[in-house]
Amino acid sequence: MVFEFRLPDLGEGIAEAEIRGWLVAEGAQIEEHQPVVEVETDKALVELPSPRAGQVVRCHQPKGAIVKVGEVLLTLEEPVSSAERPPSYGIVGQLPEAEDERPMTRAPSKAATTASFLAMPAVRKLARDLEVDLKGLSGTGPEGSITAADVRAAQGGPAAFAVRTSADEQGERQAQTGLRRTIARRLLQSQQTMAFVTNMDEFDVSRLWELKQRERPHLFAQDLHLTFLPFFMKAVQHALLEFPRFNARLDEARDELVLLPDCHLGIAVDTAEGLLVPVVRDVGRKSIVKLAAELQGLSERAHQRSIALHDLQGSTFTLTNFGAYGGYFATPIINPPNVAILGCGRISQRPWVVEGALAARYVLPLSLTFDHRITDGAEACRFLSRIGQYLEDPALLFIESV
């Protein structure tokens, strides 16, 4: 009996995945629940197990293909006809079981044949706004999907010239695949759906510098590398208690802001394949030492691309510590569905006025990007200043800790 294994619903609204590699070959005998293919989706690598045993007749999708939920991954020849059997469960969600009878193939509907195109929701919205008919366009994106540049080109906007000449450009061409493509899509979606504003300020963190230098050797003896990031996280978590609008979700369908009860911080990690944002949960219930240990483990798994999908989801606020690479100020892009992100620049020793006299102090630049639909600049200034107060005087983290 032939069984078609289709890409299952992976949860969290994920609609497609990229084939990163097959773990079985055509003609091979496989067992039930044996991992057969590695896919990448929403910044995570996932091995999908087969819900049936049998001989692999065909692996339908080549490496690098974008497969939508419900499309066939591979075909199996089962050894015996299957009777009613319990459902199989995958890594996320429920894997499909084969029907006892092969489904009848239905002729495509008229709507499907006349409106067959691939386009992200943001692209469709852009097309509606610019009054561009997507049905007549040829997409230049993955799998022929229509991009925002295609829409603007069709409208005759400023991007038209670049799009029409890009195919003729000379030079090395590198495909935007995998994590890079996912990042590009998410950042574009973020820019097109939010009203960005960035506040910047500087703070004297000399006392925090001394505290870290004093405690670092003690923790290093326990194989724990103490950085500034756990202090940044704790300062943000305390400030969010006073400014809950920055720890929220915007429910656009109901036009409501949902203030979230817990603080789960997404931490941007630079990897060889691009930016990953693992999530540290329940920051309010963890000490700085515990945060440092958890960050160390998450960072190692992120660089090894062995991090679980669950660890990349559910953040309520994001931090990006680009100062570790020498950056100073920036305009970081919000990680949806968060409503704000804090960028931490490089701490450097600089002349600073202390009680009317110049002194050499350690200065930290901070950049806060927030969604102006949620709050205004005055509240953002107060929020950023409060974070700075905790970092200028880390004793406040203990005195005001709850």
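This is a predicted model: local features need pLDDT of at least 70, side-chain atom pairs count only at pLDDT 80 or more; totals for chains, interfaces and linings use all residues.
Trainee: How many salt bridges does a search of the whole structure find?
Mentor: The search finds 16. A salt bridge is a side-chain nitrogen of Lys or Arg within 4 Å of a carboxyl oxygen of Asp or Glu.

Trainee: What does E16 form a salt bridge with?
Mentor: Its partner is K68, and the closest N and O atoms are 3.0 Å apart. E16 belongs to strand β2 (residues 16-22) and K68 to strand β7 (residues 66-68), so the pair ties together parts that are 52 residues apart in sequence. Strands (E, at least two residues) and helices (H or I, at least four) are DSSP runs, numbered from the N terminus.

Trainee: Is E16 buried or exposed?
Mentor: E16 counts as buried because its relative accessibility is 19%. Buried means under 20% relative accessible area, exposed over 50%, and partly exposed in between (1.4 Å probe, protein chains only). K68, at 30%, counts as partly exposed. A network of salt bridges links E16, K68 and R185.

Trainee: And what about E202 and R350?
Mentor: They form a salt bridge with the closest N and O atoms 2.5 Å apart. This pair links distant parts of the chain, with E202 in strand β9 (residues 196-204) and R350 in strand β18 (residues 348-354), 148 residues apart. E202 is partly exposed at 23% relative accessibility, and R350 is partly exposed at 26%.

Trainee: Switching to rings, how many aromatic pairs are found in the whole structure?
Mentor: There are 8. One of them joins F246 and F383, which are stacked at 4.3 Å centre to centre with 10° between the planes. Rings of Phe, Tyr and Trp (its six-membered ring) pair if their centres lie within 6.5 Å; planes under 30 degrees apart count as stacked, over 60 as edge-to-face and the rest as tilted.

Trainee: Where do F246 and F383 lie?
Mentor: F246 is in the loop between α7 and β10, whereas F383 is in helix α9 (residues 377-392), so the pair ties together parts that are 137 residues apart in sequence. Both residues are buried. F383 also forms an edge-to-face pair with F317, at 6.0 Å centre to centre and 80° between the planes. Ring pairs link F243, F246, F317, F370 and F383 into a cluster.

Trainee: How do β10 and β11 pair?
Mentor: Strand β10 (residues 248-251) and strand β11 (residues 256-259) pair in the antiparallel sense over 4 bridges; DSSP must find at least two bridges for strands to pair. The two strands form a hairpin with 4 residues between them, and D255 in the turn has a positive phi of about 55°. D251 stands opposite E256 in β11.

Trainee: Last topic, which helix gives the largest share of the lining of the second largest pocket?
Mentor: That is α8, with 6 residues. A pocket is an open set of points on a 1 Å grid over the protein atoms alone, where a 1.4 Å probe fits, with protein on both sides within 12 Å along at least five of seven lines; lining residues have an atom within 4 Å of a point. The second largest pocket is lined by 41 residues, of which L229, I267, A268, N321 and Y325 lie nearest its centre.

Note on methods. Residues are numbered from 1 along each chain as its sequence is written. Side-chain values use heavy atoms; hydrogens and water are left out.
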